[in-house]
Amino acid sequence: IKSGVYREMCQAGVELIGANGYKADLEVLVMAIEVMKELGLKNPKIEIGDIRVLNSVLNKNLKTEEEKEYIKELIAKKDIPGLQKEVKEKGYDEILAKLPLMIGSKEVLEEAKEYGTEEIKLVIETLEKLGYGDNYVVDLGIVKEMEYYTGIIFNGFCDKSGDFIINGGRYDGLMGFPALGFVINVDAVVEIVEEQEKKDKSGVYIVSSDYVKALKKKKKYI
């Protein structure tokens, strides 16, 4: 219920519980991309950020929770003039004003590498090895409304989508053990999805000592 009006949203969700590290993050991201492809969505992309990088930037520059919340609000709104004003008046690192603009390929991670971009870089590089170079965008300025995210965060979108089709991330602290997942905005999908031929696929269990090779093989059966 919002502003006295009942609002219902239809969602479908995926969770990977008990798995930590970049391989688990990668598997969920691949699943999110493949879900959008299977739905027939055109030009599916995942914008990927990392709440640890954002928090590292905030913690190294700001002292109080009030300051952090205010700056996060400006970042979420992509209020560049407001951020530049804060940086100039209070002597913050200029990266605070640049975060909303740090969108693109893995190269944007270089400017923020002192704030802990190693894991997200590994995820991105592996996505490229798997053939998903055209299906991701790095966005270090992602700010999630929910405060429970602890690592990788992401949103999925496609051509003609007026809203995010998918949103999710890692939330290890929520249940007390490693967990990550995403939700699909079914209402948004219904508005744009094309008719898709149903496919009957048998279950296949793939085991390999080469993780990247195994995921490439897995793609054929998703």
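## Before you start

Because the model is predicted, local features need pLDDT of at least 70 and side-chain atom pairs count only at pLDDT 80 or more, while totals for chains, interfaces and linings use all residues. Residues are numbered from 1 along each chain as its sequence is written, and side-chain values use heavy atoms, with hydrogens and water left out.

Helices (H or I, at least four residues) and strands (E, at least two) are DSSP runs, numbered from the N terminus.

## The sheet

Let's begin with the strands. Seven of them make an open sheet with mixed pairing, in the order E1-E7-E6-E5-E2-E4-E3; two strands pair if DSSP finds at least two bridges between them. At the edges stand strand E1 (11–17) and strand E3 (103–104), each with a single partner strand, so one side of each has no neighbour in the sheet.

Further in, E2 and E4 run parallel to each other, paired over three bridges. Ile 46 is found opposite Tyr 136 in E4.

## Helix H6 and its two sides

Helix H6 (residues 118–129) has 12 residues and spans 17 Å from its first C-alpha to its last, close to the 16 Å expected at 1.5 Å a residue. That expected span is 1.5 Å times one less than the number of residues. Which residues of H6 are buried? They are Ile 120, Val 123, Ile 124, Thr 126 and Leu 127, where buried means under 20% relative accessible area, exposed over 50%, and partly exposed in between (1.4 Å probe, protein chains only). These residues cover an arc of only 165 degrees around the axis, which puts them on the same side of H6; the arc is that of the directions from the helix axis to the C-beta atoms.

On the other side of H6, Glu 118 and Lys 129 are exposed. The cover over the buried residues includes helix H1 (22–38), strand E2 (45–50), E4, E5 and helix H9 (211–219), with contact meaning heavy atoms within 4.5 Å. Just after H6 comes Gly 131, with a positive phi of about 90 degrees.

## A cluster of tyrosines

Four aromatic pairs turn up in the whole structure. Rings of Phe, Tyr and Trp (its six-membered ring) pair if their centres lie within 6.5 Å; planes under 30 degrees apart count as stacked, over 60 as edge-to-face and the rest as tilted. Tyr 148 and Tyr 149 form a tilted pair, 4.9 Å centre to centre with 40 degrees between the planes. Tyr 149 also pairs edge-to-face with Tyr 171, at 6.2 Å and 70 degrees. Tyr 149 lies in the loop between strand E4 (136–139) and strand E5 (152–157), and Tyr 171 in the loop between strand E6 (166–170) and helix H7 (172–175), so the pair ties together parts that are 22 residues apart in sequence.

Tyr 148, Tyr 149 and Tyr 171 form one aromatic cluster. Tyr 148 is partly exposed at 33%, whereas Tyr 149 is buried at 11% and Tyr 171 is buried at 8%.

## Two lysines with positive phi

Most residues other than glycine have a negative phi. Lys 78 has a positive phi near 55 degrees; this residue sits in the loop between helix H3 (65–76) and helix H4 (80–90) and is partly exposed at 39% relative accessibility.

Lys 160 also has a positive phi, about 75 degrees. Its place is the loop between E5 and E6, and Lys 160 is exposed at 78%.
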